[in-house]
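This briefing covers helix packing, aromatic pairs and salt bridges. Please read it alongside the sequence and coordinates.

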Amino acid sequence: MNDRYAKMSDEELVMTYRNGDSPAADVLVEKYKNLVRMKARAYFLVGADNDDLIQEGMIGLYKAIRDYNPERETVFMTFASLCISRQIRTAITAYNRLKNGPLNSRSEEHTSELQSPCNLV
C-alpha cells in the first residue's frame, strides 16, 4: 500500500477515488476483502461455490464505494458491511427464486417457440 494512502481514513479514500484517483478504490478493496470473505462464509448456497458468494460480496463492496455518502454521518466500514451483506443475500434470494420456479415454464416456452408463426415460414 502506498504511504500516501496509508495515512488516509476510509472516508478520505472514497472521496479520493471519486475525484479520479482509481488506486484509492483498490486500497479499499484490499482492506475489506477479508470482511467480504468472512461474510460470505456465513452463508451456504446449494449448487454454488463459496467463491460465487465472495464475488457477490465484492460487488457489494464496489457499490458501497460508489454510493457512500459522508453527509449521512455513518462510518464507511458500517456502510460497506451492510452493502456486502445485502448483495450476498440478494444473490441467494435470486438464485432460490429461479431454483423454485415452476418446472413446466421452460417446456411451455419451448413449445410456444415451435408453434410460433415465424418458425413455420
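The notes below are grouped by topic.

The model is predicted, so local features need pLDDT of at least 70 and side-chain atom pairs count only at pLDDT 80 or more, while totals for chains, interfaces and linings use all residues. Residues are numbered from 1 along each chain as its sequence is written, and side-chain values use heavy atoms, with hydrogens and water left out.

**Helix packing**

- Helix 2 (residues 10–18) packs against helix 3 (residues 23–41) at an angle of about 145°, and their axes are 8 Å apart.
- Helices are DSSP runs (H or I, at least four residues), numbered from the N terminus; axes are lines fitted to C-alpha atoms over the stretch in contact, and angles run from 0 to 180 degrees between N-to-C directions.
- Helix 2 contributes Asp10, Leu13, Val14, Thr16 and Tyr17 to the contact, and helix 3 contributes Ala24, Ala25, Val27, Leu28, Lys31 and Tyr32; contact means heavy atoms within 4.5 Å.

**Aromatic pairs**

- The structure holds three aromatic pairs; rings of Phe, Tyr and Trp (its six-membered ring) pair if their centres lie within 6.5 Å, with planes under 30 degrees apart counted as stacked, over 60 as edge-to-face and the rest as tilted.
- Tyr68 and Phe76 pair edge-to-face, at 5.4 Å centre to centre and 85° between the planes.
- Tyr68 and Phe79 form a tilted pair, at 5.9 Å centre to centre and 55° between the planes.
- This second pair links distant parts of the chain, 11 residues apart: Tyr68 is in the loop between helix 4 (50–67) and helix 5 (76–99), and Phe79 is in helix 5.
- Tyr68 counts as buried because its relative accessibility is 3%; buried means under 20% relative accessible area, exposed over 50%, and partly exposed in between (1.4 Å probe, protein chains only).
- One aromatic cluster is formed by Tyr32, Tyr68, Phe76 and Phe79.

**Salt bridges**

- There are four salt bridges in the whole structure, each a side-chain nitrogen of Lys or Arg within 4 Å of a carboxyl oxygen of Asp or Glu.
- Arg4 and Asp21 form one of them, at 2.7 Å from N to O.
- Arg4 lies in helix 1 (residues 3–6) and Asp21 in the loop between helix 2 and helix 3, 17 residues apart.
- Arg4 is partly exposed at 48% relative accessible area, whereas Asp21 is buried at 15%.
- Glu30 and Lys33 form a salt bridge with their closest N and O atoms 2.8 Å apart; both lie in helix 3, three residues apart, about one turn of the helix.
- Lys33 is partly exposed, with a relative accessible area of 26%.
- Asp67 and Arg66 meet in a salt bridge of 2.8 Å, N to O, and Asp67 is partly exposed at 38% relative accessibility.

Definitions and conventions. Helices (H or I, at least four residues) and strands (E, at least two) are DSSP runs, numbered from the N terminus.
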